Amino acid sequence: MQPHTIGAYDAELKVLDGLIGVAGKQRLGRVLERGLGAVRHVINLAQQVTAGDAAIDLLQHNVEEKAISTIATRQPVAIDLRQIVSAIRIANDLERIGDLAKNVAKRVVAIGEQPASIKVATSLAPLAARVRDQLRNVAAAYRNRDDGAALEVWRSDGAIDTLHTSLFRELLTYMMEDPRSIGFCAHLLFCAKNLERIGDHATNIAETTHYLITGDMLSADRPKADGSSGVDPSWGHTKI
């Protein structure tokens with residue numbers, strides 16, 4: 001992007017871009033990592049997730065405030081307007097991801113010391129790792145303005161849905177085989193759904209990054225493969 005004649009305008013856009021970069025790479029990354037640690041029964045990490053969510057909420061507010069101020073004073077067009085609109089969209093997705101990570105942490109606190117086998121407790125790990133990688137990849141795609149990487153994240157959403165569906169069925173099996181595991185597994189089911197939703201928001205960010213770079217919205221339906229509801233995922237799909 002070519003620099004503007006007014007240096008202050010460029011500075012405002014860089015500040016806005018920097019706020020999104022901080023949210024995506026640093027604060028949100030720490031919150032999610034702590035959330036994944038919380039899934040491993042580290043209760044103090046779960047409490048840190050809840051506290052860290054407030055910082056993400058504040059960061060979203062700062063992004064929106066800066067974006068509105070820039071629109072009002074600079075009347076941006078073309079790529080500049082796309083950058084500001086994209087920042088608002090991504091900030092909203094990041095705030096929702098923070099909320100979902102906090103939900104995971106709250107479930108872990110609720111689980112407490114309920115008995116569960118190591119096998120059941122580690123069932124969430126593959127899904128959590130895949131979602132973490134999606135967030136890292138989409139954050140890098142945005143920072144580097146890499147449309148190919150953003151589209152790869154977009155195409156990978158179906159893999160997260162497949163893992164979620166598989167985990168859903170596995171946990172239901174544990175619950176049917178051993179009624180004592182119902183409470184623990186029910187909380188893990190909610191954790192899994194929150195992680196799947198985080199994956200959806202990562203895909204939203206990938207779509208917005210594509211729009212920022214190209215000026216075009218993705219017209220095709222994103223790949224979906226979540227069969228946990230028993231409903232064909234292609235029916236009535238809408239963007240999260």
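C185 is buried, at 0% relative accessibility, where buried stands for under 20% relative accessible area, exposed for over 50% and partly exposed for in between, with a 1.4 Å probe and protein chains only. C191 is likewise buried, its relative accessible area being 1%. A search of the whole structure turns up zero disulfides, a disulfide being a pair of cysteine sulfur atoms within 2.5 Å.

The model is a predicted one, in which local features need pLDDT of at least 70 and side-chain atom pairs count only at pLDDT 80 or more, while totals for chains, interfaces and linings use all residues. Residues are numbered from 1 along each chain as its sequence is written, and side-chain values use heavy atoms, with hydrogens and water left out.

Turning to helix packing, helix α5 (residues 125-144) and helix α7 (residues 157-177) pack with axes 9 Å apart and at an angle of about 160°. Helices here are DSSP runs (H or I, at least four residues), numbered from the N terminus; axes are lines fitted to C-alpha atoms over the stretch in contact, and angles run from 0 to 180 degrees between N-to-C directions. α5 is therefore roughly antiparallel to α7, the term for angles over 145 degrees. On the α5 side, P126, L127, R130, V131 and Q134 make the contact, and on the α7 side D157, A159, I160, L163, H164 and L167, contact meaning heavy atoms within 4.5 Å.

Helix α8 (residues 182-214) holds T208. T208 is buried, at 2% relative accessibility. Apart from neighbours within four places in sequence, T208 is in contact with S86, R89 and I90.

Note on methods:
Helix = DSSP H or I, 4+ residues; strand = E, 2+ residues; numbered from the N terminus. Parallel < 35°, antiparallel > 145°, perpendicular 65-115°, else oblique.
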